[in-house]
Amino acid sequence: GDGPDGTAVSSAGYVVHHYTEAASGRCFGPLDLGKVLRFCRALSNRLADRKRPLVLGTPPGDPNARTNAATLLGAYLTFISGWTIDQVVEVLGKEANRSFACSWARKDKLEPKRNMKVS
């Protein structure tokens with residue numbers, strides 16, 4: 001959905017601007033810095049509005065969205081709240097170990113080992 005200032009609050013929408021969707025293969029993130037910063041600003045705005053509860057979620061059964069969401073939440077906690085990586089890892093638990101597919105991982109080939117993690 002959109003935040004009160006019109007910015008996206010979702011972790012969806014991974015795009016490699018210089019690739020076609022088909023050429024992106026298995027890629028799903030991490031999101032570009034602009035989207036991360038918009039998410040951080042939107043979350044700050046939502047948290048400032050204490051009149052209503054805030055629930056962060058991902059579509060059921062979508063591990064890619066869950067990985068992007070953990071990355072976005074970790075970014076908020078480090079960029080906005082000033083947390084250390086160790087603090088973020090402690091709070092995110094196993095979510096901090098989620099990993100991203102390599103940018104060149106093709107859907108029609110065996111996926112190489114994932115090395116880039118949320119934390």
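**Contacts, core and a loop**

Let me start with contacts, meaning heavy atoms within 4.5 Å. Of the contacts in the chain with a separation of 6 or more, 56% are between residues 24 or more positions apart.

Some ground rules. This is a predicted model, in which local features need pLDDT of at least 70 and side-chain atom pairs count only at pLDDT 80 or more, while totals for chains, interfaces and linings use all residues. Residues are numbered from 1 along each chain as its sequence is written, and side-chain values use heavy atoms, with hydrogens and water left out.

Next, the layout. The chain has three helices and two strands, in the order α-α-α-β-β from the N terminus. These are DSSP runs numbered from the N terminus: H or I of at least four residues for helices, E of at least two for strands.

Now burial. Buried means under 20% relative accessible area, exposed means over 50%, and partly exposed is in between, with a 1.4 Å probe and protein chains only. Buried residues are 30% of the 119 residues in the chain.

Which residues touch the most other members of the largest nonpolar core? They are V36, F39, C40, L72, Y76, L92 and V118, out of 19 residues in that core. Two or more residues each come from α1 (33-48), α2 (63-79) and α3 (85-92). The largest share, five residues, is from α2. By nonpolar core I mean a set of buried Ala, Val, Leu, Ile, Met, Phe, Trp, Tyr and Cys residues joined through side-chain atoms within 4.5 Å.

On to α1. V36, F39, C40, A42 and L43 are buried there, and the buried residues of α1 pack against α2. In general, an α-helix has 3.6 residues a turn, so residues three or four places apart point the same way. At the start of α1, a side-chain oxygen of D32 comes to within 3.1 Å of the backbone nitrogen of G34.

Last, the loop between α1 and α2, where T58 lies. Beyond its neighbours within four places in sequence, T58 is in contact with A65, R66 and A69. T58 and A69 are eleven residues apart along the chain, and their C-alpha atoms are separated by 7.2 Å.

Methods. A polar contact is a pair of N or O atoms within 3.5 Å; within protein, one must be able to donate a hydrogen and the other to accept it, and residues adjacent in sequence count only if both atoms are side-chain atoms.
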